[in-house]
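Subject: Handover of a structure, with notes

Dear colleague,

I am passing on the structure below, and my notes on it follow directly after. Please read them beside the sequence and the coordinates.

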Amino acid sequence: MIDWALIAESLPAYWKGLQVSLILMAICVSASFLLSVPLAIARVSPNPWLAKPVFLYTYVIRGTPLLVQLYMIYFGLAQFEWLRESAAWPLFRNAWFCAWLAFALNSTAYTTEILAGALRQTPNGELEAARSLGLSTASIYRRILLPSAIRRALPQYGNELVMVMHATSIASAVTIVELTRTARDVYYNSLAPLEAFGMVAVFYFVITFTLVGIVKLLEGRFLKHLRPKSADIRPTEMTPA
Amino acid sequence: MFLHGYLPAILEGLRSTLAVSAVSLAIACIFGFVGAAAKLSGSRAANIAADAYTTLIRGLPELVLLLLIFYGGQIMINRLADRAGLGYIDINPFIAGTTTLGFIFGAYLTETFRGAILAIPRGQAEAGQAYGMSRLLVLRRIVLPQMVRHAIPGFTNNWLVMIKATALLSIIGLDDMVHRANLASAATREPFTFYAAIGAIYLAVTTVSILVLGWVERRFSLGVRKVEF
């Protein structure tokens, strides 16, 4: 029933698709992390001129589908003549750049909210202690607030990483031959959907749980101080209601 | 002219988007309840099946599941139909889309509902049983009304993600808002205008959802005092 020959034959294509997916994910994740740290600081700032625009940005991005954002950038921007005639046009004509931009902007919005949430959970005493020691605002952020907020955000950030990984499948809609596009091509050539999409499902499954595993390891390393001290203290056993 | 007269066509697409979302949500709730019941039941087989279900869904992108079920399901059903001597059966994107989205978000709702049920103190259900209420009556009168309060935040989140996920159904050929925008921008050569327009409509839908579900949450939490710092 399953066509193993087809799977073996298309494995190299999947392998290439996997690399494209992973590269796309890596550049999106690094860009969005770098952008979201300053944005999260602005988001929790008491100054409304800083906090409100960031809120607006995350609200709009989180309230609209990623596919529509991608279409707006890749297909939409061609509408503007001034852009077509500008020096930036070769970039916006490129599907890779557009996918990267759309995914990075999207993930930045979510990551900003995650980090801002973690910053708000900072115990007030830590901040007071830092201020009473005369640390400047910049070094309070660098030394006290950000390191602990990033640690606290780790479990949710892990979810966000998985979301970005899954979101890269949407790049298949704008001609980028990543994993999902590879599967669609294999399907169109063979008309064997179970093999084509089943195979790619295996790939995504393995990547997802590798990511989850890495985040678990990081949590074990960076959130060690939050683990129960003795082995006896475990979350209460789940019982049927 | 505003949107070159395509506004009615886009709004018709919105109707299809909302219909898909609503039907998917209903299906997801059924999967979610069954999943939560399976996770909380004493049966080991049911626990394993429910864990496998939620793990599988979390491991795969929505688009891949959508393609797998849309194209794979088509082949499977037609193989069965062939064997039964029936003619070719065409699954339309509406049915494939709502089933798939319902199946996917049912897994997330399983966790939401499970958490919500566990958040109700056990003594309450026991007290109900002590009064001689049947299990079904305890569920209907005691567990469900209180569960709503705990389930609303997770439910809101899932609903918002799901409305946005319906945009993907345009890829398997559903005539939704995104598809209408594709057609309109091809005809007018103003893609940005139309994608921005449907983006604004999505934003309006999510904003209204947040407001309504926030009101529902407050309504169901009337008897609960908030922590005041």
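How many of the 229 residues of chain B count as buried? The share is 46%, where buried means under 20% relative accessible area, exposed over 50%, and partly exposed in between, with a 1.4 Å probe and protein chains only.

Before the rest, some conventions. This is a predicted model, in which local features need pLDDT of at least 70 and side-chain atom pairs count only at pLDDT 80 or more, while totals for chains, interfaces and linings use all residues. Residues are numbered from 1 along each chain as its sequence is written, chains are lettered from A and ligands numbered from 1 in the order in which they are written, and side-chain values use heavy atoms, with hydrogens and water left out.

The two chains

Chain A has 10 helices and 0 strands, and chain B has 8 helices and 0 strands; helices (H or I, at least four residues) and strands (E, at least two) are DSSP runs, numbered from the N terminus. The C-alpha trace of chain A spans about 70 × 60 × 35 Å along its principal axes, and that of chain B spans about 65 × 55 × 30 Å. In chain A, buried residues make up 47% of the 241 residues.

If one takes the contacts in chain A between residues at least 6 apart in sequence, 77% join residues at least 24 apart, and for chain B the corresponding value is 77%; a contact means heavy atoms within 4.5 Å. The accessible surface, from the Shrake-Rupley method with a 1.4 Å probe and, for residues, only the protein chains shown as cover, is about 13000 Å² for chain A, with 67% belonging to carbon and sulfur atoms. For chain B the accessible surface comes to about 11800 Å², of which 65% belongs to carbon and sulfur atoms.

As to charge, chain A carries 20 positive and 14 negative side chains, with the centres of the two sets 12 Å apart, whereas chain B carries 19 positive and 12 negative ones, with centres 10 Å apart. Here Lys and Arg count as positive and Asp and Glu as negative, without His and the chain ends, and the place of a charge is NZ of Lys, CZ of Arg, CG of Asp or CD of Glu.

The interface

Between them, chain B and chain A bury about 3600 Å², 75% of it on carbon and sulfur atoms, buried area being the accessible area (1.4 Å probe) that two parts lose on being put together, summed over both. B:Lys164, B:Phe192 and B:Tyr195 supply 16% of the area that chain B buries against chain A, more than any other three residues. In terms of contacts, 41 residues of chain B meet 42 residues of chain A.

Helix 3 of chain A (residues 66-74) is largely enclosed by the rest of the structure, because 9 of its 9 residues are buried. The cover over these buried residues includes helix 2 (48-62), helix 5 (89-92), helix 6 (95-120) and helix 8 (137-167) of chain A, together with helix 7 (177-188) and helix 8 (191-220) of chain B.

Salt bridges

Over all chains, the search finds 8 salt bridges. One of them joins the side chains of A:Glu113 and A:Arg43 (2.7 Å, N to O). This pair links distant parts of the chain, with A:Glu113 in helix 6 and A:Arg43 in helix 1 (residues 4-43) of chain A, 70 residues apart. Both A:Glu113 and A:Arg43 are buried.

In chain B, B:Asp51 and B:Lys39 meet in a salt bridge (3.1 Å, N to O). B:Asp51 lies in helix 2 (residues 44-59) and B:Lys39 in helix 1 of chain B, so the pair ties together parts that are 12 residues apart in sequence. B:Asp51 is partly exposed at a relative accessible area of 39%, while B:Lys39 is buried at 17%. B:Lys39 and B:Asp51 are linked with B:Glu111 and B:Arg114 in a network of salt bridges.

Backbone

A:Leu191 has a positive phi of about 55° although it is not a glycine; A:Leu191 lies in the loop between helix 9 (179-190) and helix 10 (193-222) of chain A, and is exposed, with a relative accessible area of 55%.

With best regards

Methods
Salt bridge = Lys/Arg side-chain N within 4 Å of Asp/Glu carboxyl O.
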